[in-house]
Amino acid sequence: MCLRVQVQFGPLTEYRAATMFVEDLRTQFYQRLIGKRILVIVNYDIDAICASKILQALFKYDNMLYSIVPIMGIMGMVRAFNENKDDVKFVLLVNCGGCIDLVDLLQPEPDVVFFVCDSHRPYDICNVYSDQQICILGEMNPDEGIPDFDTCFQDSEDEDDDDDDDAVDNSDEDDEEGGGGAGASRERNRIERIERQLLKRRQRREWEEKRNQKLFDYTQFSYYGSSSALNIFELAWHLSKDSIDLLWWAIVGVTEQLLLGKIDSAAYTFFTEKMRPHVSRLTNKATDQAIQTSVKILFENDLHLALYRHWSVLDSLKYSIYPACKMKLWTYKGEKVMHELLVDMGLPLVQAKQTFNAMDLVLRKEFHDKMEKFADKFHLPEIVYGSFVLQYGYRNKYSAADYVYSMLAILESVKKDRTPETCFLQSMDALSRSNKEILDEGIEICKTLLSTIFKQVQSSLEMHAVYSAGPFLYFILQEEIPFFTCPYGLIMLARFLLNGHVAVSRNRRARELPLIAVAPIDLARGVSLLVGIPPVCEESKSLFGKAFDQAAKKSGSTISQDFFETSVIQIRQSDCTKFLDAMTVLLS
């Protein structure tokens, strides 16, 4: 439901669009919440958890009354709102709701205000022009191509004119029944009105065609914007309530976007450059030398090797997507290349099989430089990237990627005796330095996750289980594996599989083809999880959201698009074949 109001052309249109974006978070957002009860609905992802952790710290500082409710999809958001909406006038949505018409979906009271902090793009156009009931946190980005108000909505008076013309026509017909010399004049007037009406209808039809094309162009691709955790940290900074812990949580949120392919390396570099001044400022802020040396964040060149500080070098090389796909480590030849790399680095196999911290001290200190030195020779030009490391105490050193992998594994470890809510809260607890054992537990779970993904990729590529449907590739997993019944587990598998397939494929077009992966999540009910992964050459933008919806309609397939990640759906196993056929026709 969108408010349709009459607006003027020109500068007012731009002002009308900008009013829905809250640029001054301190006065237009946070100060409005002080003294009020707030409902915070948080999506089931790491960036959202980091953002809500920062918000929790701010709310506690000001003794604010709030409720945090984790959700996993659109229906979960509706249920959370309906169950908690009593006496709540302010609702904050973290990484959810921005791409859905909230007023139409939730049917809130007119005095309920929604603040949306969502990294998903594109925003729903009705949220952008919602007349103050929906407030989007952050600046309006012109690069996102949000259509003008006049392009999307027509003035209400234009529709009323058509009805008035019809009413006048009926009146003229009644007058003509009485006869008289004025009949010819009325006939001319009636013809003129009909011509005006036809002209208006033609103009409206042209406007609707232009509107549909603009909206199609705007919503065709789904992608991600700035990290919500980073946006909330900047609010804390403007409130002068930031700390080194809050900054670290924002860093983890941004790192999650990079590791899961939500943003490309250029966007990640832009965000890290925004955070580096805060790192210097907050690291040097402490006047107590003991505090300053006990907790610090360092920006340094790190390696695209998963958990290597807490694993063996051999396992980290083998189970990390970048080196594994570059060196084809699931093949015998790839293993020989990896051993050649270790020889050139002067790293004995006995040492490479040990946990990194148990390696010889000299080898540990030289490891990073040696990897960087031989990167080009072994076709690993992007093995090094700029990252942040948290160091506290003498032995506790974790990279932001370590936190992401640990939290991701905790979120994906849903079982019969572990509800999603439990996993959500445990993942949030892992962010606290006092809960080191939870973080370490998540790291151990993630080792199992990464090794499971590698073994599945290895067997799938050896069996040539990645098939081409023409405009896309597809892979169907036959057995139910717990790690791949959750969206992010299957997304990680699909990304690894696509990169691996491109590495071994002789088809030059393989880099330009997306991948659809299907895995059963409930064999008894015949339900599968389906994810779409964009091509290797354009990782951060996906066209699957709209395509899935159209393919389901054309094929008559039963799907559930309940996830906020539009490239993830649930589908009946019996409908998979006709759904993929419809996708083939649609993308050809």
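This is a predicted model: local features need pLDDT of at least 70, side-chain atom pairs count only at pLDDT 80 or more; totals for chains, interfaces and linings use all residues.
Visitor: Which residues of helix 23 are buried?

Guide: A residue counts as buried when its relative accessible area is under 20%. In helix 23 the buried residues are Phe 544, Gly 545, Ala 547, Phe 548, Ala 551, Ala 552 and Ser 555. They cover an arc of only 165 degrees around the axis, and therefore lie on the same side of helix 23.

Visitor: What do the buried residues of helix 23 pack against?

Guide: Their partners are strand 14 (515-522), strand 15 (527-533), strand 16 (559-560), strand 17 (568-572) and helix 24 (576-587). On the face turned away from the buried side, helix 23 carries the exposed residues Lys 553 and Lys 554. Just after helix 23 comes Gly 556, with a positive phi of about 70 degrees.

Visitor: Which residues other than glycine take a positive phi, and where do they lie?

Guide: Most residues other than glycine have a negative phi. Two cases may be examined here. Asn 95 has a phi near 55 degrees and lies in the loop between strand 4 (90-94) and helix 5 (102-106). Ser 240 has a phi near 60 degrees and lies in the loop between helix 10 (228-238) and helix 11 (244-259).

Visitor: Is Asn 95 buried or exposed, and is Ser 240 buried or exposed?

Guide: Asn 95 counts as buried because its relative accessibility is 1%. Ser 240, at 59% relative accessibility, counts as exposed.

Visitor: Where is a cis peptide bond found?

Guide: Most peptide bonds are trans. A cis bond, with omega of about 0 degrees, joins Arg 121 and Pro 122. Pro 122 belongs to the loop between strand 6 (120-121) and helix 6 (125-128).

Visitor: How many cavities of 30 Å³ or more does the structure hold, and which residues line them?

Guide: There are 2 such cavities. The largest holds about 130 Å³ of space, and its lining includes Asn 43, Tyr 44, Met 72, Cys 486 and Phe 563. That lining divides into 7 nonpolar, 1 polar and 3 charged residues. The second largest cavity has a volume of about 50 Å³ and is lined by Met 345, Gly 346, Leu 347, Leu 363, Glu 366, Phe 367 and Lys 370. Its lining residues comprise 4 nonpolar, 1 polar and 2 charged.

How values were computed. Residues are numbered from 1 along each chain as its sequence is written. Side-chain values use heavy atoms; hydrogens and water are left out. Buried means under 20% relative accessible area, exposed over 50%, partly exposed in between (1.4 Å probe, protein chains only). Helices (H or I, at least four residues) and strands (E, at least two) are DSSP runs, numbered from the N terminus. The arc is that of the directions from the helix axis to the C-beta atoms. Contact means heavy atoms within 4.5 Å. On a 1 Å grid over the protein atoms alone, a cavity is a set of points where a 1.4 Å probe fits but cannot get out, and a pocket is an open set with protein on both sides within 12 Å along at least five of seven lines; lining residues have an atom within 4 Å of a point. Grid points are joined across faces, edges and corners, and a volume is the space filled by probe spheres set on the points. Ala, Val, Leu, Ile, Met, Phe, Trp, Tyr, Cys and Pro count as nonpolar, Asp, Glu, Lys and Arg as charged, and the others, Gly among them, as polar.
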